[in-house]
Amino acid sequence: MPKAQQTRKVARTGRKRRVAGWTLLALGVVVAAVWVWSGWGRLLWEFAVVPGPHATLDRRQLRVTSGELEIDRYEVLKDGFAGGRLGLRPPSGLHVSMSGESPLWRWTLIRQTGDEDRDGDFKTSKTRVGLWPVPLLLWPPAALLLRSGIVARRRAMKGACPKCGYSLAGLAVGASCPECGRASVR
Ligand SMILES: [Zn+2]
């Protein structure tokens with residue numbers, strides 16, 4: 001194998017694990033940043049008004065505020081109910097604003113609430129999911145993947161087996177590891 005090609009192959013060792021590790025780490029950082037921001041801020045996405053079964057429109061909203069992701073559903077229960085009181089209108093996209101109140105973070109894991117109005121005309125249901133557990137779930141596997149990817153590259157650069165660290169010095173180029181059987185990167 002030519003030297004340059006061999007060097008590239010050594011540098012690529014563990015690359016998938018490093019990329020996956022950095023990706024999970026970055027996703028966790030983004031969610032953590034949104035979680036912090038949501039103490040002051042409010043993000044509302046009116047993403048759909050869908051046809052309901054009662055010749056009217058039901059509405060869906062996604063909201064991020066106070067450390068929670070909230071999914072709201074408004075459903076019309078009666079034929080002929082005009083959605084005006086619900087403010088049903090075409091979805092108007094993404095709104096980002098600051099709450100203007102003292103920062104507030106809720107430590108919700110999962111919270112579900114539902115409400116039917118007095119006349120039984122419509123039903124609202126809200127599902128709230130806390131954002132804080134997301135980075136905590138992403139970071140441990142990110143750390144493991146990064147560590148494993150970095151260790152593998154370091155071993156390959158030292159001329160050792162990336163998988164088990166056994167020294168491959170003196171072995172023929174292309175020979176697999178005598179200790180664990182991994183195909184050679186040399
Ligand atoms: Zn090995």
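The expected span of a helix is 1.5 Å times one less than its number of residues. Helices (DSSP runs of H or I, at least four residues) and strands (E, at least two) are numbered from the N terminus. What you see above is a predicted model, in which local features need pLDDT of at least 70 and side-chain atom pairs count only at pLDDT 80 or more, while totals for chains, interfaces and linings use all residues. Residue numbers start from 1 along each chain as its sequence is written.

Q: How do you know what span to expect for helix 2, and what does the model give?
A: Helix 2 has 23 residues, and its expected span is 33 Å at 1.5 Å a residue. From first C-alpha to last, the helix reaches 33 Å, close to that expectation.

Q: Where in the protein chain is confidence highest, and where is it lowest?
A: The scale is pLDDT, the predictor's confidence in each residue, from 0 to 100. Helix 2 (residues 15–37) is highest with a mean of 97, and strand 1 (residues 41–51) is lowest at 82. Overall, the protein chain averages 87, and 89% of its residues score at least 70.

Q: What makes V129 partly exposed?
A: A residue is buried with 20 or more other C-beta atoms within 10 Å of its own, exposed with 12 or fewer, and partly exposed in between, with C-beta atoms placed from the backbone. V129 has 15, so it is partly exposed. This residue sits in strand 6 (residues 122–130). Beyond its neighbours within four places in sequence, V129 contacts E68, L69 and I110.

Q: Why is helix 1 called hardly covered?
A: Among the 10 residues of helix 1 (residues 3–12), the count of buried residues is zero. Helix 2, for its part, has G21, L24 and W35 buried, and helix 3 (133–157) is included in what covers them.

Note on methods
Two residues are in contact if their C-beta atoms, placed from the backbone, lie within 7 Å.
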